[in-house]
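Could you walk me through this structure, stop by stop? I have it open in my viewer and would like to know what to select next.

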Amino acid sequence: MAVLEFQGFSYTFASRREPSLAKVSARVEPGERVLLAGATGSGKTTLLRAAVGLIPRDSLGRAEGVALLSGDNAAALAPARAARRAGFVFQDPDAQLLLDRAIDEAALGARLAGLDAEKARARGREALAAVGLDGFEERDPARLSGGEKQRLALAAATSGRPPLLLLDEPTSRLDPAGAAAFVLALDRAAAGGTAFIVAEHRVERLWPIVTRVILLDRGRVIFDLPRDAAARALPPAPPAAPPPGRPGNHTPGPPLLALDNVTYRYPVTPAAAATTGSRPPASALPRPAVDGVSLSLRGGEMVALVGLNGSGKSTFLHLLAGFLRPTAGRVLAAGREVTTAGLGRRGALAALTPEDPDLMLLESTVRRDVAYTLLQRRGPRAQRDPAVDRALAAFHLAALEAEPPLALSRGERQRVALAGAAASGAPVVLVDEPTTGQDRAHAALALTALRECVAARGGAALFSTHDLEAAAAHASRVICLAGGRMVFDGPPEEFFARGAPGIGPDHLPAALRRRGA
């Protein structure tokens, strides 16, 4: 019996005119290793969610045909039964992490499979070790980095040893070492007989372990081929070309935002306080997430922030935006401390787009979301501001301006959030993982648009990324963090020639050739 079968399955979201999936028919047999490929918005996430019945069960759209999970209609299965037949790693791991200890989260799949608490915890420990999170058992999932959360989600999905795994962009938030460990863990699960379907834009990461490729385009299956035949049929990936006018060829303008010897240490969690006492000694405190960092961002700069998972990148961005108050040191804009300014003033200094773009999508249409900051300042007429039109055009969103943002693909939602930051008028735009959910062409488009929109007003952009090829192609400057400390600040060519902890010259030869280094 097939572990998954689509029989003429179509699905149209209630808010969309065109189907997101159109007459899809495909089977996955036990033990098969399937790569689901396709451009941003091609229907990959919709197909994976339909495979476990989340679509159409939890949505208001229209479905035709059927998706069968181990022979039963997936939409008719209770969630617990579906979880025993298929483990799911969502594109956004925060959407599936429910518990406050990593060991309990990792054991959840085993509990759903019917194991008692003790055996489930043993499975959870094995699963954590398999994804490189041994020693994380007592950690709070909410305090993990995006990449660590992604690996924890895989541990939870595999601990119940379901016959099928469904994975949506599972390496998008992982550093090179983390991505390699994740692929190895997936390969080990498959070696035990588990089938998988993995949607991924960085197909080279998964290519060595897959045996079959399904290519989607606008919701339709373009081909379904063995891997070697698919290699000949897949269109060549576009290069991560730098934008016209090499990014490094400019003289930086005046300082816009600065960190002055900033350190940030997260508060002790209640569980840690209970263990160490209400006033734990310094040795018991968590290490600083950001440790003694000083730098300035100047007008015209396009800065890539890189580093391994857990190196402090997201904390760094939140400090620059004024959303976290430093434990020590100062965040300055025009000589004034950012954290003492009101929320409106902070937003006027720096616009932050977080790792999850959905946190920024609050309006009923794409146009209104892109205009959101201007609407708050100036009222309804602001949605027709020329800056909004320019951002919609630059991020290729004009055709979607009347669509509800949350009905779009993850990559499209990412571009809506970026366009909103670009249209806000803030002199500094800060972006956490802007290429997540984007195919190579759309990632290049988004970063080029971001640079051009911000540079046009003399501003600066800083984006954190694990996409080192994008960093080499689009950044005029690279900052690298390791263990919360800044270990590099300089030109991309120098960084990739020299390397840094966990990131070496061997990670990016193709991109360096494109930069002419």
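This is a predicted model: local features need pLDDT of at least 70, side-chain atom pairs count only at pLDDT 80 or more; totals for chains, interfaces and linings use all residues.

**Stop one: two helices.** Select residues 410-423, which form helix α17, together with residues 440-455, which form helix α18. Their axes lie 10 Å apart, and the two helices pack at an angle of about 10°. Because angles under 35 degrees count as roughly parallel, α17 is roughly parallel to α18. Now show the side chains where they meet: α17 brings Arg415, Leu418 and Ala422, while α18 brings His442, Leu445, Ala446 and Cys453. Color this contact by class and you will find five nonpolar residues, one polar and one charged.

**Stop two: a cavity beside α18 residues.** Pick Gly300, Glu301, Met302, Arg451, Val454, Ala455, Gly459 and Ala461, the lining of the second largest cavity. Its volume is about 50 Å³. Helix α18 supplies the largest share of this lining, three residues. By class, the lining has four nonpolar, two polar and two charged residues.

**Stop three: the largest cavity.** How many cavities of 30 Å³ or more does the structure hold? There are three, and the largest contains about 70 Å³ of space.

Definitions and conventions
Residues are numbered from 1 along each chain as its sequence is written. Side-chain values use heavy atoms; hydrogens and water are left out. Axes are lines fitted to C-alpha atoms, for helices over the stretch in contact, and angles run from 0 to 180 degrees between N-to-C directions. Helices (H or I, at least four residues) and strands (E, at least two) are DSSP runs, numbered from the N terminus. Angles under 35 degrees count as roughly parallel, over 145 as roughly antiparallel, 65 to 115 as roughly perpendicular and the rest as oblique. Contact means heavy atoms within 4.5 Å. Ala, Val, Leu, Ile, Met, Phe, Trp, Tyr, Cys and Pro count as nonpolar, Asp, Glu, Lys and Arg as charged, and the others, Gly among them, as polar. On a 1 Å grid over the protein atoms alone, a cavity is a set of points where a 1.4 Å probe fits but cannot get out, and a pocket is an open set with protein on both sides within 12 Å along at least five of seven lines; lining residues have an atom within 4 Å of a point. Grid points are joined across faces, edges and corners, and a volume is the space filled by probe spheres set on the points.
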